[in-house]
Amino acid sequence: VLSRGLVSYRNYGITLPHPRVSNGLGIGLHAVNSEITIKHDLTNTDKYGRTNSSWDHEALSEDLLLSFSRNNIGIKLESSVIRGGTNTTTAEQDNGTSYLMCENNLEAGLSLVDSTMDLDGRLDVYHNYHGIKSKNSLLKLNQLTVEGNTRIGYHGINSEFIYNKDVSKVD
């Protein structure tokens with residue numbers, strides 16, 4: 001369970017004389033046969049009954065930074081699940097939205113193989129070589145930003161991508 005921020009910065013293989021090699025060794029978060037839950041609850045109360053307190057999870061919503069930057073691959077999921085977070089519905093509440101950022105990674109920001117990402121909040125994938133690579137996986141998101149990736153923003157093979165997953169139908 002992630003209830004506080006997690007930052008992964010500059011994990012990569014090193015061989016001389018080249019300072020940074022693209023060999024897949026530098027992964028910010030690598031999960032294999034695992035389940036990761038992002039616990040980001042805006043309605044918690046502390047032992048005194050105050051809401052939006054840091055008491056229960058030792059962090060306010062603004063403290064939850066999930067950033068994977070300047071690795072070979074930001075996040076790599078293999079037969080794994082990431083779920084949770086918080087999605088707000090208005091601009092005034094946007095500071096309480098969970099943000100998961102994968103940026104400036106050498107090979108891919110997010111790589112999923114036989115995995116599921118069911119994220120409440122915003123996935124922000126930018127300035128990677130490939131943005132999102134998904135094979136035999138499920139990606140369910142409320143908010144998504146993909147921009148400035150060198151090759152492909154989203155590449156899915158035998159995958160399902162559901163956007164605005166919690167939107168209500170209006171008749």
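**View 1**
Two strands count as a pair here if DSSP finds at least two bridges between them. With that in mind, look at Ser69: its bridge partner in S7 is Glu103. This is a predicted model, so keep that in the back of your mind for every view. S4 and S7 pair in the parallel sense, and five bridges join them. S7 also pairs with strand S9 (residues 116–126), again in the parallel sense over five bridges. On that side, Tyr99 has Arg122 of S9 as its bridge partner. How many of the five residues of strand S7 are buried? Four of them are, so strand S7 (residues 99–103) is largely enclosed by the rest of the structure.

**View 1. The whole chain, for orientation.**
What will you find in the protein, helices or strands? There are 13 strands and zero helices. The protein has 171 residues, and buried residues make up 41% of them.

**View 2. An open sheet of five strands.**
Follow the order S2-S5-S8-S10-S12 and you have walked across an open sheet with parallel pairing. Which strands sit at its edges? They are strand S2 (27–32) and strand S12 (152–157), each of which pairs on one side only. Neighbouring strands of this sheet are turned against each other by 5° on average, direction ignored. Inside that order, strand S8 (residues 108–113) and strand S10 (residues 130–135) pair in the parallel sense, with five bridges between them. If you want a landmark along this pair, find Ser111, which stands opposite Lys133 in S10.

**View 3. Tyr154 and Phe161, ring to ring.**
A pair of aromatic rings is described by the distance of the centres and the angle of the planes. A search of the whole structure turns up one aromatic pair. Its rings belong to Tyr154 and Phe161, with centres 5.0 Å apart and planes at 25°, so the pair is stacked. The reasoning is simple: planes under 30 degrees apart count as stacked. Are these two side chains buried, exposed or partly exposed? Tyr154 is partly exposed, at a relative accessible area of 29%. Phe161 is partly exposed too, at 34%.

Leu65 is partly exposed, with a relative accessible area of 38%.

**View 4. Arg83 meets Glu35.**
Side chains of opposite charge can pair when their charged atoms come close. The structure holds six salt bridges. One of them joins Arg83 to Glu35, and their closest N and O atoms are 2.6 Å apart. This pair links distant parts of the chain: Arg83 is in strand S6 (residues 81–85) and Glu35 in strand S3 (residues 35–38), 48 residues apart. Arg83 is partly exposed, with a relative accessible area of 33%, whereas Glu35 is exposed, at 54%.

**View 5. A network of charges around Lys165.**
Which residues are linked in a network of salt bridges? They are Asp118, Asp120, Lys140, Lys165 and Asp166. Zoom in on Lys165, which forms a salt bridge with Asp120, the closest N and O atoms being 2.7 Å apart. That pair also reaches between distant parts of the chain: Lys165 lies in the segment after strand S13 (160–163), while Asp120 lies in strand S9, 45 residues apart. Lys165 forms a salt bridge with Asp166 as well, and there the closest N and O atoms are 3.6 Å apart. Asp166 is partly exposed, with a relative accessible area of 46%.

**View 6. Leu141, tucked away.**
Leu141 is part of strand S11 (residues 138–147). Is Leu141 buried or exposed? Its relative accessible area is 0%, which is under the 20% cut-off, so Leu141 is buried. Now look for Asn164: along the chain, Leu141 and Asn164 are 23 residues apart, yet their C-alpha atoms are separated by 6.0 Å.

Definitions and conventions: Residues are numbered from 1 along each chain as its sequence is written. This is a predicted model: local features need pLDDT of at least 70, side-chain atom pairs count only at pLDDT 80 or more; totals for chains, interfaces and linings use all residues. Side-chain values use heavy atoms; hydrogens and water are left out. Helices (H or I, at least four residues) and strands (E, at least two) are DSSP runs, numbered from the N terminus. Axes are lines fitted to C-alpha atoms, for helices over the stretch in contact, and angles run from 0 to 180 degrees between N-to-C directions. Rings of Phe, Tyr and Trp (its six-membered ring) pair if their centres lie within 6.5 Å; planes under 30 degrees apart count as stacked, over 60 as edge-to-face and the rest as tilted. Buried means under 20% relative accessible area, exposed over 50%, partly exposed in between (1.4 Å probe, protein chains only). A salt bridge is a side-chain nitrogen of Lys or Arg within 4 Å of a carboxyl oxygen of Asp or Glu.
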